[in-house]
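Subject: Structure handover

Hello,

Here is the structure I said I would pass on. My notes on what was found in it follow below.

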Amino acid sequence: MTWRIKGPGQIYDAGEDSVVYFDSRSGDTHLVGAFAAFIIEQLRAEDLSLESLTERALPLTDSETSDKLSEAVNTVVEELKSMDIVEHI
């Protein structure tokens, strides 16, 4: 399954644990984690599968957490879907 961003948006990163994402399509503003912002950035560049997102996130993890990375990516994508930020195609 491939995922994409539903519309253009802007990310404001103040260098903290949370990032502000403004969805200009809907006018909604969301407070998301840094990992979710990473996923958004990847999907802004191109439509990707969960497997591709997981591969791109691999350098961000250490060896102790890499086995749970696929689950984390899936969870974040589902959360972004529930916020109406991403959709599967």
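A helix here is a DSSP run of H or I with at least four residues, and helices are numbered from the N terminus. Please keep in mind that the model is predicted.

Salt bridges

The structure holds six salt bridges. In general, side chains of opposite charge can pair when their charged atoms come close.

One of the six salt bridges joins Glu41 and Arg44. The closest N and O atoms of Glu41 and Arg44 are 3.5 Å apart. Both residues belong to helix 1, and because they are three residues apart there, about one helical turn separates them. Glu41 is partly exposed at 35% relative accessibility, and Arg44 is also partly exposed, with a relative accessible area of 40%.

Arg56 pairs with Glu46, and here the closest N and O atoms are 2.5 Å apart.

Asp23 is buried, at a relative accessible area of 1%, whereas Arg25 is partly exposed at 36%.

Asp84

Asp84 lies in the loop between helix 3 and strand 6. Its phi is positive, near 65°. Asp84 is counted as partly exposed because its relative accessibility is 32%, and the limits for that class are 20% and 50%. Leaving out residues up to four places away in sequence, Asp84 touches Lys6, Asp23 and Arg25. Asp84 and Ile5 are 79 residues apart in sequence, yet their C-alpha atoms are 9.0 Å apart in space.

Helix 3

Helix 3 covers residues 69-82, which makes 14 residues. From first C-alpha to last it reaches 20 Å, close to the 20 Å expected at 1.5 Å a residue. Which residues of helix 3 are buried? They are Leu69, Val73, Val76, Val77 and Leu80. Viewed down the axis of helix 3, these buried residues fall within an arc of 100°, so they line one face of the helix. They pack against strand 1 (2-5), helix 1 (34-45), helix 2 (50-57) and strand 6 (86-88). The face turned away from the buried side of helix 3 carries the exposed residues Glu71 and Ser82.

Other points

Tyr12, Val20 and Leu31 make a nonpolar surface patch of about 330 Å². Of these, Val20 lies in strand 3 (residues 18-23) and is partly exposed, with a relative accessible area of 32%.

Is Ser49 buried or exposed? Ser49, found in strand 5 (residues 48-49), is buried, with a relative accessible area of 16%. Not counting residues up to four places away in sequence, Ser49 touches Met1 and Thr2.

Regards

Conventions:
Residues numbered from 1 in each chain as written. Predicted model: local features only at pLDDT ≥ 70, side-chain atom pairs only at ≥ 80, totals over all residues. Heavy atoms only, no water. Helix = DSSP H or I, 4+ residues; strand = E, 2+ residues; numbered from the N terminus. Expected span 1.5 Å × (residues − 1). Buried < 20%, exposed > 50% of the residue type's maximum accessible area, 1.4 Å probe, protein only. Arc of directions from axis to C-beta. Contact = heavy atoms within 4.5 Å. Patch = residues over 30% accessible without salt bridge, like charges linked within 9 Å, V, L, I, M, F, W, Y side chains within 5 Å. Areas by Shrake-Rupley, 256 points an atom, 1.4 Å probe, with all protein chains shown as cover. Salt bridge = Lys/Arg side-chain N within 4 Å of Asp/Glu carboxyl O.
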